[in-house]
Amino acid sequence: MEMDTKEKIVVVGGYGHVGRTICGILGERYPGKVYAAGRSRERAERFCQSAEGKIRPLEIDIREPLPPGLLNGVKLVIMCLDQIDTCFVRECFRTGTHYIDVSANGSFLRQVEQFQHEAAVHGATALLSMGLAPGLTNLLALESQRLLSETDQIDLAIMLGLGDAHGEAAIEWMVDNLGARFEITRNGEQEEALSFTDGQIFDFGADLGCRQAYRFPFSDQMALPRTLGVPTVATRFCLDSAMVTGLLAGASRRGAVRLLQAGWLRRRIVRGLGALRFGGDRFAVKAEARGRSRDGKPALAECFLHGRDQTAATAKVAAASATMLVDSFCPSGVYHIEQLTEMGSMLKELEPGITFNIRRSDLPPEGREAC
């Protein structure tokens, strides 16, 4: 039998906000085998200088055709950048290179799913829905579903701290999706939703209390109806500042979104949000599953997760998944995170600093309890 000589781990966008943290974690586990890759060789080299040889630089421009042989010896690619087509992903599959995607673009991830057969034929495993949302939200959804006998609906909520240091790409994605129309699944049927509408109050537990959160196009709600077989899934979002959350929702209702996203104003908003530090650095994620308990009564299952520094949490989820693909046998093909692992395994990587709680309660016949 031919030995597997692939050892390299390439993090595309490896000197960016999330990528550098992923490189740091994996560089300690696989010294000399981790490559921080991107368009700028200079930035990659500058980042790697302080890594004492544990992380190496690599120049890759995913917008251009890959030079022949570039993926030779590469066991895993971790993608931290948004892509406009699937050419790079398919090249990974054709060379039998495992692939992890940290992006949250639901339509793009759906395209990658279409190459399930191509990945399987070449012995490549792709893991999608990686990070906080999607990622930990998917695992919380799975955990909450397991607490019930039957699940009719899962509501997910994410709260991010304005005082956290968000990457520019993440802020741009949030601004660009204000007022966006996207697809959701309700009662097994596809419907269109509008971001920052249909607010709902969630109890995030601990000392965070109740917050109003609004629909937002996180890709978890697009994948979970298929992977968990739940007929209704929705994801909502808020910031730790109720005032800023309300301003964004108000802009969406008043049709001011296009103005906010226009040219120079968009750039100013992105810079301004990136510089904001009047909020905290805490984040919270919650899953609420509604259905029936084992005795047939209407029931609610809730899973809470709290922590600080959502960038570090995203990186730890990606690094834990990378370790699973590098060190363990995983079936070939394209999967979302909840199809290959679970919350219990992930918590070992996230701790310390992460609080996880669950609770299940009976519901009155009319359903949702007041916060």
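Residues are numbered from 1 along each chain as its sequence is written, and side-chain values use heavy atoms, with hydrogens and water left out. Because the model is predicted, local features need pLDDT of at least 70 and side-chain atom pairs count only at pLDDT 80 or more, while totals for chains, interfaces and linings use all residues.

Two packed helices are described by the angle between their axes and the distance between the axes. Helices (H or I, at least four residues) and strands (E, at least two) are DSSP runs, numbered from the N terminus; axes are lines fitted to C-alpha atoms, for helices over the stretch in contact, with angles running from 0 to 180 degrees between N-to-C directions. The axes of helix H1 (residues 19-29) and helix H12 (residues 310-327) come within 8 Å and cross at roughly 40°, and H1 and H12 are therefore oblique to each other (angles under 35 degrees count as roughly parallel, over 145 as roughly antiparallel, 65 to 115 as roughly perpendicular and the rest as oblique). The crossing of H1 and H12 is right-handed, meaning that the near helix is turned clockwise from the far one by less than a right angle. The contact (heavy atoms within 4.5 Å) includes Ile22, Ile25 and Leu26 of H1 and Ala315, Ala319 and Ala322 of H12. Its residues divide into 9 nonpolar, 3 polar and 2 charged, where Ala, Val, Leu, Ile, Met, Phe, Trp, Tyr, Cys and Pro count as nonpolar, Asp, Glu, Lys and Arg as charged, and the others, Gly among them, as polar.

The axes of H12 and helix H13 (residues 343-350) come within 9 Å and cross at roughly 115°, again in a right-handed crossing. Here Ala313, Lys316, Val317, Ala320 and Ser321 of H12 meet Met346, Glu349 and Leu350 of H13, a set of 5 nonpolar, 1 polar and 2 charged residues. Between helix H6 (residues 132-146) and H13, the axes come within 10 Å and cross at roughly 140°, which makes H6 oblique to H13. This contact joins Leu136, Leu139, Leu140 and Glu143 of H6 to Met343, Met346 and Leu350 of H13, and it has 6 nonpolar, no polar and 1 charged residues.
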